[in-house]
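Please consult the sequence and the structure while reading.

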Amino acid sequence: MIVRTNIGVAIKYNKLNKIYSISEDGGASWSKLEVFADIKEPICMTSIVNTGDALYYSQPDDYYFKVQMTIAVSRDDGATFDNRKIIYQGASGYSDLGVSYEGDLFLVFENGAVEYDGRITFVRVKAFGD
């Protein structure tokens, strides 16, 4: 589970990275919160999906602003997200990821020319990061 931080935390601690928790029993219990050191947190709903071969993570790739919708990939169970693909350079916000039967990624996200929530866009992206 990835966790969205709130504005009070961001003001107190300045730059934030995304935090997460793991359940090994279908959600009955959760691990203590950990930090994804390679993932910036612009206080936004983001998404993560496991394809079996990799973790893919979608987010606006900035500490402070909802801009530059990006998909990052981890091949080491989330220890690092060192391979990124920019999907949209401009204002962008909430996102959600899915996986097709063929292994491609589906991404739906807010974006716009000026505001991050001007429209909703759906894209299909080939898996990457090998």
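Which backbone oxygen does the side chain of threonine 70 reach?

## A threonine in strand β6

The model discussed here is predicted. In this model, the side chain of threonine 70 reaches the backbone oxygen of glutamine 68, at 2.8 Å. Threonine 70 belongs to strand β6, which covers residues 67-74. With a relative accessible area of 0%, threonine 70 counts as buried, because the limit for that term is under 20%.

## The sheet

Strands of a sheet pair through backbone hydrogen bonds, in either a parallel or an antiparallel manner. Here, six strands make up an open sheet, with antiparallel pairing and the order β4-β5-β6-β7-β8-β9. The edges are taken by β4 (47-50) and β9 (119-125); each has a single partner strand, so one side of each lacks a neighbour in the sheet. On average, neighbouring strands of this sheet are turned by 25° against each other, direction ignored.

## Strands β8 and β9

Strand β8 comprises residues 105-112 and pairs with β9 in the antiparallel sense over seven bridges. Phenylalanine 109 stands opposite threonine 121, a residue of β9.

Valine 108 is also found in strand β8. Its relative accessible area is 32%, so valine 108 is classed as partly exposed. Together with Ile120 and Phe122, Val108 makes a nonpolar surface patch of about 300 Å².

Methods: Residues are numbered from 1 along each chain as its sequence is written. This is a predicted model: local features need pLDDT of at least 70, side-chain atom pairs count only at pLDDT 80 or more; totals for chains, interfaces and linings use all residues. Side-chain values use heavy atoms; hydrogens and water are left out. Two strands pair if DSSP finds at least two bridges between them. Helices (H or I, at least four residues) and strands (E, at least two) are DSSP runs, numbered from the N terminus. Axes are lines fitted to C-alpha atoms, for helices over the stretch in contact, and angles run from 0 to 180 degrees between N-to-C directions. Patches are made of residues with over 30% relative accessible area and no salt bridge: like charges are joined within 9 Å, nonpolar side chains (Val, Leu, Ile, Met, Phe, Trp, Tyr) within 5 Å. Accessible areas come from the Shrake-Rupley method with a 1.4 Å probe; for residues, only the protein chains shown count as cover. A salt bridge is a side-chain nitrogen of Lys or Arg within 4 Å of a carboxyl oxygen of Asp or Glu. Buried means under 20% relative accessible area, exposed over 50%, partly exposed in between (1.4 Å probe, protein chains only). A polar contact is a pair of N or O atoms within 3.5 Å; within protein, one must be able to donate a hydrogen and the other to accept it, and residues adjacent in sequence count only if both atoms are side-chain atoms.
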